[in-house]
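Please keep the sequence and structure open while reading.

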Amino acid sequence: MREIIFDTETTGLDFRDDRVIELGCIELVNRFPTGRTFHHYINPQGRPIHAEAQAVHGISAADLMGKPTFSDIADEFLAFIDGAKLVAHNATFDIAFLNVEFGRLGHPVVDPGLVVDTLALARRKHPMGPNSLDALCRRYGIDNARRTKHGALLDSELLAEVYIELIGGKQAALILDSATAPAGGRRNVDDIDISIGARPIALPSRVTDAERTAHASMVGTLGEKALWLRVTPEASSAA
């Protein structure tokens, strides 16, 4: 299973007028980072950066001089995410911006069925919050000391760790060495065929006849509607 953890930074908060100025992605396969990343700073083509937004991500107009436009990197980005699920924190925000950018270029919008919102996952798992990325890093013991400013690639790296914790991925994606594993590689536990046969000789019961009789007698005193009468044949016959 291939997933892309991604994040954007923008000139402001209004997806209809503001522009994407940074895009960062981390590739996961079977919930493990592959080392493949996608990252670009993007020229907003004259759109000013709001002071409030710059205070968050620290990207200035001067930083974006000479950087590619979204149209310059769109095909590369689409190739990178092709066939993968897209995972983002507060994904509605990021997807809205991407869809407007794609719309300007005549590309189809992102299929919402391919999008996973880790903020929604966190709110279900931790309804009392807080569920910001920084708060989730603290909750799961993930080192976010480098995050003095928001940054699309760094935030994607942190979110990849948070996402794996949110879905229990460290356990779900556990892999084991096996004599049947492919040469030079390891095999996912879900792919290992484990069959358990019947014992050749049944284990003796640890309940004695006297204990079984005493239990049936006790259940018989509980009345005709006792739950035990539906699940223990011995009790039913004793009653």
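## Strand E1 and its partners

Val-20 in E2 is the bridge partner of Thr-10. The two strands, E1 and E2, run antiparallel and are joined by 9 bridges. The model in view is predicted.

E1 also pairs with E4, here in parallel, through 3 bridges. Within E4, Val-87 stands opposite Ile-5. Of the 9 residues of E1, 8 are buried, so the strand is largely enclosed by the rest of the structure.

## Length of helix H2

Helix H2 takes in residues 70-81, which makes 12 residues. At 1.5 Å a residue the helix should span 16 Å, and the 15 Å between its end C-alpha atoms agrees with that. After H2 comes Gly-83, with a positive phi near 80°.

Which residues of H2 are buried? They are Phe-70, Ile-73, Ala-74, Phe-77, Phe-80 and Ile-81. Because these residues cover an arc of only 135° around the axis, they lie on the same side of H2. An α-helix has 3.6 residues a turn, so residues three or four places apart point the same way.

Asp-72, Asp-75 and Ala-79, on the other side of H2, are exposed.

Methods:
Residues are numbered from 1 along each chain as its sequence is written. This is a predicted model: local features need pLDDT of at least 70, side-chain atom pairs count only at pLDDT 80 or more; totals for chains, interfaces and linings use all residues. Side-chain values use heavy atoms; hydrogens and water are left out. Helices (H or I, at least four residues) and strands (E, at least two) are DSSP runs, numbered from the N terminus. The expected span of a helix is 1.5 Å times one less than its number of residues. Buried means under 20% relative accessible area, exposed over 50%, partly exposed in between (1.4 Å probe, protein chains only). The arc is that of the directions from the helix axis to the C-beta atoms. Two strands pair if DSSP finds at least two bridges between them.
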